[in-house]
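Here is a short briefing for a first look at this structure. Keep the sequence and the model side by side as you read.

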Amino acid sequence: MLTKETMQQILDEEKYRQEVRKTLDAPSSPKQKGKVIEFLNSTFFLALLSSFLIPILINYYQTQSQKIKEKEAIARKISNERAEIKSRIDVISKLDSNGITGEEYVEIKNAFRGSDSTGGFSVSEEFAKRNIFSLISDYKYDLEYVEGKKETDSIIARLPAIIDALHMADNYMKKLYPFMYGIKEGAGVIAVDKNEAFKNPSKIDIFTSGDKDLDFQIYSECLPQLNRFQ
């Protein structure tokens, strides 16, 4: 049987445990909350916030803004490249198995090699002196690294065939020869001086290949492929 002293000791210990439990479970007092709010409004905390948090937020905002600007810039560049290439391909597509005029010969040559913007084919002056193959190379590179690459995969896949068609057209141009050298100011036709003709092709009435098989290849393979570029 427990003695009175032992029972009292047990009661005292239980009372002490309840007091400790109440202390731990008790919510923060208004006085404690006030101290927290006071700290948050203190000069020290505001200085701490300015030193660490605000620079981080500013850096994040600047980084995101720069990414947006870069994305917009590459989108504009791709759009300009596409427009320039499309314009030049439209000029190159003037190739005709029946022959092309001297003026068309000059335009097509310039569309391949690039010239100054007064040549009449350049959409963007920044690309005016670039040859079409280097333009397509840049265009392909930009498409491959632009965000959302899957959306451009089908375009990238068509470019090798477009490039092959352009090489075919370029080789065809090299095989054309002046067929007729007319005197614009008067009647009659004089003999063709080939050296003079290629120095001043705009004076030539007609350039032709004289090769029916080659003409058919340009008509059936090259031009249809070029027309696929959009």
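E81 counts as buried, because its relative accessibility is 1%, and buried means under 20% relative accessible area. This charged residue lies in helix α3. The model is a predicted one.

**Around E81**
- Which residues does E81 touch, not counting those up to four places away in sequence? They are F127, D138, Y139 and D142.
- One of these, Y139, also belongs to the contact that α5 makes with α6.

**The chain as a whole**
- The chain has 8 helices and 3 strands.
- From the N terminus on, the order of elements is α-α-α-α-α-α-β-β-α-β-α.
- The chain has 230 residues, and buried residues make up 26% of them.
- Among contacts with a separation of 6 or more, 64% join residues 24 or more positions apart.

**The largest nonpolar core**
- This core has 36 residues.
- I92, L95 and L166 have the most contacts inside it.
- Two or more residues come from each of α3 (43-92), α4, α5 (132-145), α6, β3 (204-208) and α8 (212-226).
- Which element gives the largest share of this core? It is α6, with 8 residues.
- Leaving aside neighbours within four places in sequence, I92 is in contact with I108, A111, F112, I132, L166, A169 and L226.

**Helix α6 against α5**
- The axes of α5 and α6 come within 11 Å and cross at roughly 175°.
- The two helices are therefore roughly antiparallel to each other, since angles over 145 degrees count that way.
- From α5, the contact uses I132, F133, I136, Y139, K140, L143 and E144.
- From α6, it uses I155, I156, L159, I163, L166, H167 and D170.
- The contact residues divide into 10 nonpolar, 1 polar and 3 charged.

**Helix α6 against α4**
- Helix α4 (residues 102-113) and helix α6 (residues 153-175) have axes that come within 11 Å and cross at roughly 135°.
- That angle makes α4 oblique to α6.
- Their crossing is left-handed.
- Y105, I108, K109 and F112 of α4 meet L166, A169, D170 and M173 of α6.
- Of these contact residues, 6 are nonpolar, none is polar and 2 are charged.

**Helix α6 against α8**
- α6 and α8 pack at an angle of about 145°, and their axes are 9 Å apart.
- This crossing, too, is left-handed.
- On the α6 side the contact has A161, I162, A165, L166, M168, A169, Y172 and K175.
- On the α8 side it has L214, D215, Q217, I218, E221, C222, Q225 and L226.
- The residues here divide into 11 nonpolar, 2 polar and 3 charged.

**H167 in helix α6**
- H167 has its place in helix α6.
- Is H167 buried, partly exposed or exposed? H167 is partly exposed, because its relative accessible area is 37%.
- H167 takes part in the contact of α6 with α5.
- H167 and C222 are 55 residues apart along the chain, and their C-alpha atoms are separated by 9.2 Å.
- C222 is one of the α8 residues that meet α6.

How values were computed:
Residues numbered from 1 in each chain as written. Predicted model: local features only at pLDDT ≥ 70, side-chain atom pairs only at ≥ 80, totals over all residues. Heavy atoms only, no water. Axes fitted to C-alpha atoms, helices over the stretch in contact; angles between N-to-C directions. Helix = DSSP H or I, 4+ residues; strand = E, 2+ residues; numbered from the N terminus. Parallel < 35°, antiparallel > 145°, perpendicular 65-115°, else oblique. Left-handed = near helix turned anticlockwise from the far one by under 90°. Contact = heavy atoms within 4.5 Å. Buried < 20%, exposed > 50% of the residue type's maximum accessible area, 1.4 Å probe, protein only. Core = buried A, V, L, I, M, F, W, Y, C linked by side-chain atoms within 4.5 Å.
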